[in-house]
Amino acid sequence: MQKVLAKLQKLGKALMLPIACLPVAGILMGIGYMIDSNVMSGLGDPNVIAFFLVKVGGAIIDNMPILFAIGVAIGLSDDHEGTSALAGLVSWLMVQQILNPSVVAVLTGAEADAAFSKANNQFIGILCGLIAAWCYNKFYKTNMPDFLGFFAGRRFVPIMTVVTTLIACIPLYFVWPVVY
């Protein structure tokens, strides 16, 4: 039980990294809407400064799934190394491509469930970060034969993240419409 709680605490700390970006996004958007409350309504000409602030804050909010994938991967990796962040991004990009409604339609031969159009969310980002952190912690010390030496160690992590994410996407095809 203690091990489970320790792992959950570590996950909670890892989640705080991307969440730390939210206050600045909210403040920027709030100031933008305070300057011009109709800035994004399409009514009249928006105030340029308000529009700029809302868009900058929105850039953070709109990309929270990516931030979760990267933040969780870094936060849960044993030595908080940047390779885990790259692996988190690779995993997220793969899931977005594989669960894309047009890809699902081609693979299944039928129209994709509406849930697949909503795969760009924080839950998927966290899942990709978990996959990347697990791959990093498991494979960052991997040795290879001399002729494959370039792919040894930390360079092996993104390769295994691709394989692991691909395997994880198979059940997601069936589970994601139900979970969503």
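Student: How are α1 and α4 oriented to each other?

Tutor: This is a predicted model, in which local features need pLDDT of at least 70 and side-chain atom pairs count only at pLDDT 80 or more, while totals for chains, interfaces and linings use all residues. Residues are numbered from 1 along each chain as its sequence is written, and side-chain values use heavy atoms, with hydrogens and water left out. Helix α1 (residues 2-19) packs with α4 at an angle of about 135°, the axes being 8 Å apart; axes are lines fitted to C-alpha atoms, for helices over the stretch in contact, and angles run from 0 to 180 degrees between N-to-C directions. Angles under 35 degrees count as roughly parallel, over 145 as roughly antiparallel, 65 to 115 as roughly perpendicular and the rest as oblique, and therefore α1 and α4 are oblique.

Student: Is the crossing of α1 and α4 left-handed or right-handed?

Tutor: A crossing is left-handed if the near helix is turned anticlockwise from the far one by less than a right angle, and right-handed if clockwise. By this rule, the crossing of α1 and α4 is right-handed.

Student: Which classes of residue form the contact of α1 with α4?

Tutor: Contact means heavy atoms within 4.5 Å. Residues of α1 including K10, L11 and A14 meet residues of α4, among them M64, L67 and F68. Ala, Val, Leu, Ile, Met, Phe, Trp, Tyr, Cys and Pro count as nonpolar, Asp, Glu, Lys and Arg as charged, and the others, Gly among them, as polar. The contact of α1 with α4 accordingly has twelve nonpolar, two polar and one charged residues.

Student: How is α4 placed relative to α7?

Tutor: Helix α4 (residues 64-76) and helix α7 (residues 122-139) have axes 7 Å apart and pack at an angle of about 30°. For this reason α4 is roughly parallel to α7.

Student: How many charged residues does the contact of α4 with α7 have?

Tutor: In this contact, α4 residues such as P65, A69 and A73 meet α7 residues including G125, I126 and C128. The residues divide into twelve nonpolar and four polar, and the number of charged residues is none: no charged.

Student: Why does T165 count as buried?

Tutor: T165 lies in helix α8 (residues 156-179). Buried means under 20% relative accessible area, exposed over 50% and partly exposed in between, with a 1.4 Å probe and protein chains only. T165 counts as buried because its relative accessibility is 0%.

Student: With which side chain does the side chain of T165 make a polar contact?

Tutor: A polar contact is a pair of N or O atoms within 3.5 Å; within protein, one must be able to donate a hydrogen and the other to accept it, and residues adjacent in sequence count only if both atoms are side-chain atoms. For the side chain of T165, the distance is 2.9 Å and the partner is the side chain of S91.

Student: Is W134 buried or partly exposed?

Tutor: The place of W134 is in helix α7. Leaving aside neighbours within four places in sequence, W134 is in contact with F139 and T164. With a relative accessible area of 46%, W134 is partly exposed.

Student: How many helices does the protein chain have?

Tutor: Helices (H or I, at least four residues) and strands (E, at least two) are DSSP runs, numbered from the N terminus. The protein chain has zero strands, and its number of helices is eight.
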